[in-house]
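I opened this entry to look up the sheet, the salt bridges and one surface patch. My notes follow in the order I checked them.

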Amino acid sequence: LPKPSEQKASNREHIIIIKDTIASTTAPMHRFILKRLTLIVLLFGTATGSGGWPWMKGVDMRLDSPIDPVCKEDIRPTVLELIQEHRKSIDKIKKGLQKDPLYRAEKHDDLWILRFFLSSKKKAKAALKAATSALEFRKKYNLDAADIRQQPATLKLNHASIKKFFSCCRKGAMSFTVPDPQRGVVTYFDYAGINQHKMMEILPLDERLIALIYVTEWSFQWLDYITRTTGRLTKLLRLIDLKGLKMSMLNIENISRDGKAMGAMEDCYPQALHSIKLCNAPAWIQVPWRIVRPIMPKRVVSKIDFIMPESSEKERNTLYKFIARDNLPSRFGGQHPAWPAPVFC
């Protein structure tokens, strides 16, 4: 068996070879197999070695040597540049965190602190407060214990709250995916396929929070892994399809509960969510939107945008910053025919 350092170097060489082969391959099945192989190579090191976070064990990080943009639409900033720009503030926050008994230097590094600083409008005092709260939050829910990336949220997952969550949805109404192991997480919601009234009845706020913690932690682990292995700050895209939605399907109190839970997630998972795209909205949606908007967290509302990706090429092109054309489902104007969207394309 190769030494860990040799294996990491070998992995990088294999990925370069595979990606070059993908670029020259036109057969869909061959491209699919090669992309799966890339994912396997990227995940190979997680079974060996050690590291601060369980999903980074034995993995070679690229924070000091970021990869090139994966495509012309890839405009993610490099972590190296961001840390250099905010070095003094990060060190100031770190000094405050070192007094906290839950602080661990091997986990709560410059990147971890940077996320809180950027989400706190670049105010060190607010970032320190948010980071301290996140330490308590992660301890309370034992979130540092395991790598859950290979256990995406589905009805088959052995998780009581997740099962309740999915029992309120028709097949394909919610999908949590990693279309490209170097680009990030994309989540899909078919809003008309979610029974909000049933969800309101069987899923109280505490259980809803547990379910959302799981799916958010799953997304965060992938985002952190991709950020550290590419050296580029990677965030989540949430696509919500409103096609077929009727006003009678909406439950304002249920939406309010979602907003409260999402607000809690935003505070503990800074710089995770990039944007929420509401797609194919019916004309009447502006009426309930005016009611819902004031009860949603301001930080979440600021990231919401209404688009028509099927009919507008300009709006569809905004999605390619997060997902390749051949991985974007056809219902959003892409070229991937499968629905529900596969977890790993």
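I count a residue as buried when its relative accessible area is under 20%, as exposed over 50%, and as partly exposed in between. The model is predicted.

**Entry: Glu 73.** I looked up Glu 73 and found a relative accessible area of 15%, so Glu 73 is buried. Its side chain meets that of Arg 325 in a salt bridge, 3.3 Å from N to O. What does this pair tie together? Glu 73 sits in the loop between helix H2 (28–43) and helix H3 (79–85), and Arg 325 in the segment after helix H13 (313–317), so the bridge links parts 252 residues apart in sequence. Arg 325 is partly exposed, at 35%.

**Entry: other salt bridges.** The structure holds 19 salt bridges. I checked Glu 310 next. Glu 310 pairs with Lys 243, with 2.7 Å between the closest N and O atoms. Glu 310 is in the loop between E5 and H13, and Lys 243 in the loop between E3 and H10, so parts 67 residues apart in sequence are tied together. Both are partly exposed: Glu 310 at 37%, Lys 243 at 43%.

Then I took Lys 277 and Asp 305, whose side chains meet at 3.8 Å, N to O. Lys 277 lies in strand E4 (residues 273–279) and Asp 305 in strand E5, so this pair ties parts 28 residues apart in sequence. Is Lys 277 buried or exposed? Lys 277 counts as buried, at 11%. Asp 305 is partly exposed, at 34%. I also noted a network: salt bridges with shared partners join Arg 87, Asp 91, Lys 94 and Asp 110.

**Entry: the sheet.** I traced 5 strands in an open, mixed sheet, ordered E1-E2-E3-E4-E5. Strand E1 (174–180) and strand E5 (304–307) are the edges, each pairing on one side only. Neighbouring strands are turned by 25° against each other on average, direction ignored. E2 (residues 184–190) and E3 (residues 236–241) run parallel and are joined by 5 bridges. Thr 187 has Arg 238 in E3 as its bridge partner. Helix H9 (residues 205–230) lies across E1, E2 and E3, at about 5° to E1.

**Entry: Pro 179.** I found Pro 179 in strand E1. Pro 179 is buried, at 6%. Its C-alpha is 9.7 Å from that of Asp 326, although 147 residues separate them in sequence.

**Entry: surface patch.** Ile 252, Ile 291 and Ile 295 form a nonpolar patch, with about 230 Å² of accessible area together. Ile 252 lies in helix H10 (residues 252–268) and is partly exposed, at 33%.

Technical notes: Residues numbered from 1 in each chain as written. Predicted model: local features only at pLDDT ≥ 70, side-chain atom pairs only at ≥ 80, totals over all residues. Heavy atoms only, no water. Patch = residues over 30% accessible without salt bridge, like charges linked within 9 Å, V, L, I, M, F, W, Y side chains within 5 Å. Areas by Shrake-Rupley, 256 points an atom, 1.4 Å probe, with all protein chains shown as cover. Salt bridge = Lys/Arg side-chain N within 4 Å of Asp/Glu carboxyl O. Helix = DSSP H or I, 4+ residues; strand = E, 2+ residues; numbered from the N terminus. Buried < 20%, exposed > 50% of the residue type's maximum accessible area, 1.4 Å probe, protein only. Pairing = 2+ DSSP bridges. Axes fitted to C-alpha atoms, helices over the stretch in contact; angles between N-to-C directions. Contact = heavy atoms within 4.5 Å.
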